[in-house]
Amino acid sequence: MNRVLAVAARELRERWLLFPAAVVLGCVPIVLPAFGLRPADSQFVGLVTAVSLGAAAAVIVGSSMLARDAANGRLGFLFSRPLPWGAVWGGKWLAALVLVAASGLLAAIPWMAAYPLASLGGHHGDSWFKAMLDGPRSLFCFTLIVLAVGLANFGATALRSRSAWLVVDGALLLASLWATWRYVAPLVLFGIVAGEPWKPVKLVLPLALALVVGSLAQVAVGRSDLHRAHRAASIGFWAVITLTLTLAAGYLQWALAVDPSQLQAWAVTRDPAGRWVYLGGTASRSNWYPHGLLVDTSTGRYLRRGPSLGLGGLVAGDSAQGAVFAASGRACALTGYDTRRGGTRVALFDLTADLPRPREVMLESSAPPSSDSAFALSPSAASLFMVHESGASLFELPSGRRLATVTIKPGWRPLVARFLAEGQARVWLAPSVQSPRAELAVVDLAVDGRSRMLPFPITATLTPSQSWHAAVPNDAGTRILTRDGGVRLRDAADGRLIATLAESSRETTAAFLSDGRIVVGEGNPAVAGPATTGPGATLTLFDATGVRLAAFSVPTQSTGLSLGAEVAPGRILVSSFRSPFLPEDTLVVDVDAGRVVERLVGLRPAMGFWTASAAAPPGGGTSSVHFFRDVEDHVVRIDFATGERRIVAGPGAPKGERLKGL
Amino acid sequence: MTPPPHIRVDPALPVPIWSQIEDAVRHLVASGALRPGDALPSVRDLAREQRINPNTVAKAYQRLVEAGFLESRRGEGTFVAARPPAMPASERTRLLKEGATRLATLAANLGVTRADTLSALQAVWPEGGLPSRGGKR
Amino acid sequence: MSTRPTPTAAQAGPVLETLTLGIRYGRTRVLDGASLAVPAGCVYALLGRNGSGKSSLVRVLLGQRPAATGSARLFGQDPWTHRTSLMARVGVVPEEPDAPPEMTATQLSAFCARLHARWDRGVVSERLRRFGVPQDRPFGRLSKGQKGAVMLALALGHAPELLLLDDPTLGLDVVARDAVFGEVIGELADRGTTVFVTTHDLRAVEGIADRVAILHEGRLALEGPLEAVKAEWGRPLEEIFATVTTGRPAPTIAVPREVEP
């Protein structure tokens with residue numbers, strides 16, 4: 001220890017001028033107000049000065065303590081004495097850290113005293129001293145100092161040695177940058193690595209450690225010879241970096257290797273038959289990373305289709321718009337962002353094949369997908385309908401060629417897109433959030449290019465929260481129910497009012513039955529009652545022309561009242577939604593009998609991605625398979641025809657078999 | 001007290017240094033420059049002065065002690081022996097012959113006549129006097 | 001008056017030796033299979049021109065570079081792996097004075113005192129006074145000769161068993177050179193220190209070397225006791241050196257030879 005201190009003392013003595021310089025520079029912000037600078041600016045100047053001086057000290061000390069001393073024989077002087085290399089290394093590093101920290105502090109103390117932390121905006125009652133003792137922050141500062149000194153040392157050693165090893169350094173640097181982009185950037189940008197407050201430390205620590213290891217090797221093996229020192233420092237440094245990158249890559253692979261049993265699904269899109277589902281969600285092992293799994297619920301086999309980083313740091317690959325299924329159930333399209341051309345790309349899956357290999361299709365001259373885009377896949381998956389704020393287009397699949405386009409005037413955004421027939425698509429639009437009006441619009445587009453856009457008035461202006469469910473079309477696309485201050489039945493082609501079914505601005509919901517009848521639900525204001533058997537809602541049954549047939553009440557909460565899919569002829573799901581963390585029940589209501597026939601405890605219908613629409617089943621009719629979620633992140637598949645229940649995702653789901661190589 | 005006489009060696013000569021020291025001391029004793037009981041320079045001092053290895057000086061002194069020319073007194077140094085042995089006549093003759101041969105060869109190389117050589121000899125060794133050695137007495 | 005004491009600690013083997021030592025810088029072979037041995041109490045002179053590999057050999061002996069082939073030994077141990085303990089027994093005077101320039105001689109002596117188990121600051125100070133070196137002037141502002149004197153004083157401050165001098169007279173005038181070697185000789189006489197000196201200044205070592213070796217183009221061209229070498233060649237060391245290192249035959253001059261008794 002004595003020897004370490006002797007070496008450190010000598011290093012400090014050589015560079016003692018840093019200390020008075022720091023004090024002098026630290027006093028500059030105090031005198032600046034005399035020149036008319038505002039106190040807030042003076043503080044900023046003081047901070048910048050302190051940090052700059054610390055950085056300058058790090059560069060000065062780091063570049064000279066080993067590299068310069070090897071070149072001018074100073075290291076030879078030490079190594080000719082009975083001084084272990086550890087004492088040389090330890091003494092020089094100790095002096096470097098002390099010099100950098102002390103000069104930074106000395107430059108900061110004058111203005112820290114002049115401007116107490118309590119007087120700065122946003123801090124109340126703290127002192128500078130306490131702020132500096134904060135664990136993660138001071139560790140981060142310490143790591144930064146080590147990093148600065150280590151970088152200066154490595155750089156100076158490499159440059160002074162002028163050996164061929166520089167080429168190796170350069171090559172490894174490029175390789176590491178690539179590997180960092182490929183394996184570390186996703187960890188950070190997708191939020192896989194846990195966040196504050198230790199995150200900055202985690203990112204910087206491996207680099208600092210690698211530099212320290214490099215300098216250890218440099219002193220132990222290189223000794224007083226600069227060439228050998230450079231080679232040893234390189235090997236030590238790159239070994240640690242390689243190890244870190246390998247670990248990061250392994251961690252990334254592990255974090256992405258999620259099977260359905262580990263998924264916390266927040267969006268479920270299903271094919272019409274109920275066999276394939278596309279699940280979007282997160283997993284506990286990967287924090288915020290948005291996984292996407294395409295699962296064959298009959299076999300448990302699944303594909304992984306999560307996003308990755310493309311060129312320019314933009315998220316490439318499948319976006320949160322998720323999947324659309326063809327009405328025939330034969331294909332699925334996952335839409336995503338094409339980073340190279342800036343448009344939309346589609347991964348088209350042939351679900352009839354044993355191994356549904358995706359075809360990557362770039363949509364010709366398309367806009368990139370956004371949260372306001374809507375997609376639909378034609379019944380035989382021969383074309384894709386894409387609607388965004390400024391236009392709607394039909395693209396041929398699998399070539400991606402644009403077949404037809406219609407421009408949409410500004411001020412609209414798509415609600416529901418649907419194919420009426422193989423070559424005919426229709427989309428209903430609501431006013432955009434910036435220009436609310438009492439209007440909706442319908443746009444038709446055919447593959448031969450015929451198109452038409454027709455805005456039509458509705459009864460009330462929709463609020464943004466109301467507008468996303470403002471139009472509910474029937475399966476054929478010929479009638480819609482609009483929820484504009486009530487529930488009104490309209491013609492889907494021109495918006496002509498056929499009948500007003502409810503006149504209430506409170507919780508209303510409505511749905512078509514497969515035989516054309518309409519069910520409207522209205523909630524009663526909540527009065528105190530037990531959790532899942534609230535004061536209830538009233539369901540009213542209408543015929544296809546809007547004539548009232550019957551009404552009955554169901555015991556459910558009225559908050560978030562929603563009428564769901566028809567699980568069997570005449571049987572409809574009724575659910576409520578108060579909070580994502582409270583368990584909710586879903587009721588199966590027989591509208592002909594006028595009563596609840598089944599209560600699905602703790603389950604609520606699984607929602608898809610909100611702008612995409614579930615395709616209608618082939619040839620109309622109902623599907624008996626439906627998907628539900630509960631608060632424990634289970635996704636449950638219920639076949640109402642057989643009563644079979646299967647957990648498809650979440651804890652307890654089968655791990656399934658991943659289809660690889662796709 | 002007169003200072004000890006100067007012993008000079010030339011490391012460049014092919015003659016071993018210890019031999020040069022030995023010869024020098026012998027000559028000094030034989031010529032009376034060093035009298036019995038006189039102190040010789042210490043090993044350390046002579047080595048430093050002449051820029052030679054002390055071991056070499058010690059070796060020379062050791063041989064001289066064994067030959068009876070010097071005696072070593074612990075703690076005091078090295079002195080000329082009380083009764084230095086006289087050089088055996090054969091030794092004297094040999095050395096003299098060697099010296100004469102060197103002089104003759106030198107004269108031959110210079111192209112000097114015998115008569116001039118003898119004159120040179122007489123110049124440094126005047127009739128009845130003592131030869132000057134080009135050094136100190 | 002001092003008498004020469006016996007060498008300290010009877011050495012079972014040589015103080016310094018190399019066994020077919022080879023040194024490489026990258027692809028270049030600087031030293032090729034050199035074997036030499038320095039017994040205790042010996043003054044060993046390694047001669048060679050600039051670039052013959054002398055300094056590389058010294059660096060390997062001091063444990064600052066590993067050997068490529070063969071080995072080097074100090075006191076029977078590998079200097080690369082035992083450098084710290086070996087340097088306590090060795091005093092080093094490098095080719096270029098390498099002490100920190102901002103420290104004074106007094107501070108340097110104090111610094112070294114913290115590194116060695118035994119250090120005599122008085123002896124160091126006395127030696128410097130004898131050299132006439134101002135002890136409170138920063139090292140960087142001393143003359144070349146004074147710097148060399150300081151390096152020598154620092155090398156001898158812990159009474160080492162082996163003194164290693166790498167080209168100690170480089171750039172020094174005759175007076176300074178004589179002063180340096182005078183100190184070395186004094187140390188020799190007092191303590192029987194083994195001395196290993198590399199140089200291309202032959203006159204300085206001709207008087208004091210016991211054994212000599214000549215390095216030429218990475219190989220030992222000549223090695224042996226100086227006396228025997230000179231007896232065999234019949235010429236001064238300068239001529240022997242010139243002949244060996246240039247391959248030029250020396251002019252023949254008949255010099256009468258002394259017969260060894």
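Trainee: How many bridges join strand 11 of chain A to strand 12 of chain A?

Mentor: Strand 11 covers residues 383-388 of chain A and strand 12 covers residues 391-396, and the two run antiparallel. Strands here are DSSP runs (E, at least two residues) and helices are DSSP runs too (H or I, at least four residues), numbered from the N terminus. Two strands pair if DSSP finds at least two bridges between them, and the number joining strand 11 to strand 12 is six.

Trainee: Which pLDDT do local features need in this model?

Mentor: Residues are numbered from 1 along each chain as its sequence is written, while chains are lettered from A and ligands numbered from 1 in the order in which they are written. This is a predicted model in which totals for chains, interfaces and linings use all residues, side-chain values use heavy atoms, with hydrogens and water left out, side-chain atom pairs count only at pLDDT 80 or more, and local features need pLDDT of at least 70.

Trainee: Which residue is the bridge partner of A:Phe385?

Mentor: The open sheet concerned has four strands in the order 10-11-12-13 of chain A, with antiparallel pairing. Its edge strands, strand 10 (374-377) and strand 13 (402-407), each pair on one side only. The partner of A:Phe385 lies in strand 12 of chain A and is A:Leu394.

Trainee: What is the average twist from one strand to the next in the open sheet with the order 14-15-16-17?

Mentor: This antiparallel sheet of chain A is also open, and its edge strands are strand 14 (412-421) and strand 17 (451-457). Strand 15 (residues 424-431) and strand 16 (residues 439-446) are joined by six bridges, with A:Val427 standing opposite A:Val443. With axes taken as lines fitted to C-alpha atoms (for helices over the stretch in contact) and angles running from 0 to 180 degrees between N-to-C directions, the twist averages 20 degrees.

Trainee: How much area do chain B and chain C bury between them?

Mentor: The contact (heavy atoms within 4.5 Å) takes 25 residues from chain B and 26 residues from chain C. Buried area is the accessible area (1.4 Å probe) that two parts lose on being put together, summed over both. Carbon and sulfur atoms account for 56% of the total for chain B and chain C, which is about 2,400 Å².

Trainee: Which residue of chain B forms a salt bridge with C:Asp178?

Mentor: A salt bridge is a side-chain nitrogen of Lys or Arg within 4 Å of a carboxyl oxygen of Asp or Glu, and three are found across the interface of chain B and chain C. In the one with C:Asp178, the closest N and O atoms are 3.2 Å apart, and the partner is B:Arg51.

Trainee: Which helix gives the largest share of the side of chain C that touches chain A?

Mentor: Chain C and chain A bury about 2,500 Å², and C:Gln64, C:Arg114 and C:Leu115 supply 26% of the area that chain C buries against chain A, more than any other three residues. Two salt bridges cross this interface, including that of C:Arg65 with A:Asp225, whose closest N and O atoms are 2.3 Å apart. Helix 2 (83-87), helix 3 (105-115) and helix 5 (144-156) of chain C each supply at least two residues to this side. The largest share, six residues, comes from helix 3 of chain C.
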